[in-house]
Amino acid sequence: MSAKAATASARPASPGLRRALAGAAAVVLLGAMALDTKVVRIGSAGDVRSAVFSAADYGKSEFPKVQADVDARAADAVTVAAAIAKDRATAEKEYGVPAGVGPVISVKFSGVVGEGKSGIYKVAVDGVPDTLMIRVQTGPAINGTELRDATGKITFGQFTNQIEYQDAGSALNNEMKKEVLAKVDASALTGKTISVVGAFKLVNPKSWLVTPVRLDVK
């Protein structure tokens, strides 16, 4: 190579040429990105947003179903109490839905509300043994997963993980508060007669803590 040719090859590219090369590189890069990008239509099966669990939406859509199921299952509290006293195992099979430590039983009763604490009231129900204490929880905190477990139709396998499963239980409790308890003055229940449809987990047969799906003040 001559000295003249070597000098020409070492000469820096002009600004115009550099801009042209940079533009061409950008076009190539954008083309590669486009080829590597999957287009997902909103609402399609590939739209991951549609698969994200919304506890609020779940509670709103599922609580009416749970409420109807508990309504249909609910047995008279006097009958259930007598059955448990007679043969607990048989009563669990007849009235309960398996749910871990103890079955969840749906019941209905009417009674006079006694003193309450933290939104949990004792209810005097005629016909049940004096040794049985029936309480109903009215919030603001609703404890337990009785509403989630009462029907036997909501199972862990329907959710991605334990957190979603727990959130589903909380969502049902929250929706119940909106649809049922918000219509009741829970601060003025003592001394009044109420009718309740709800569910409790049978752990201590002498103490039921009922989560209502219906609560009417007479």
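On one side of helix H4, Ala-85 and Lys-86 are exposed, where exposed means over 50% relative accessible area, buried under 20% and partly exposed in between, with a 1.4 Å probe and protein chains only. This is a predicted model, in which local features need pLDDT of at least 70 and side-chain atom pairs count only at pLDDT 80 or more, while totals for chains, interfaces and linings use all residues. Residues are numbered from 1 along each chain as its sequence is written, and side-chain values use heavy atoms, with hydrogens and water left out.

The buried residues of H4 (residues 77-86) are Ala-77, Val-80, Ala-81, Ala-83 and Ile-84. Seen down the axis of H4, these buried residues fall within an arc of 165 degrees, so they line one face of the helix; the arc is that of the directions from the helix axis to the C-beta atoms. An α-helix has 3.6 residues a turn, so residues three or four places apart point the same way. The buried residues of H4 pack against strand E1 (75-76), helix H5 (88-95), strand E3 (104-117), strand E5 (133-137) and strand E7. At the N-terminal end, H4 is capped by Asp-76, a side-chain oxygen of which lies 3.0 Å from the backbone nitrogen of Val-78.

Strand E7 (residues 207-217) contains Thr-211. Thr-211 is buried, with a relative accessible area of 1%. Residues that Thr-211 touches, not counting those up to four places away in sequence, include Ile-142, Leu-147, Met-176 and Val-197; contact means heavy atoms within 4.5 Å. The side chain of Thr-211 also makes a polar contact with the side chain of Gln-137, at 2.7 Å.

The structure also holds 6 aromatic pairs, counted when the ring centres of Phe, Tyr or Trp (its six-membered ring) lie within 6.5 Å; planes under 30 degrees apart are stacked, over 60 edge-to-face and the rest tilted. The rings of Phe-53 and Phe-159 have centres 5.8 Å apart and planes at 85 degrees, so this pair is edge-to-face. Phe-53 lies in the loop between helices H2 (15-35) and H3 (55-73), and Phe-159 in the loop between helices H6 (146-149) and H7 (162-179), so the pair ties together parts that are 106 residues apart in sequence. Phe-53 is partly exposed at 24% relative accessible area, whereas Phe-159 counts as buried at 10%. Phe-53, Tyr-58, Phe-156, Phe-159 and Tyr-165 form one aromatic cluster.

Definitions and conventions:
Helices (H or I, at least four residues) and strands (E, at least two) are DSSP runs, numbered from the N terminus. A polar contact is a pair of N or O atoms within 3.5 Å; within protein, one must be able to donate a hydrogen and the other to accept it, and residues adjacent in sequence count only if both atoms are side-chain atoms.
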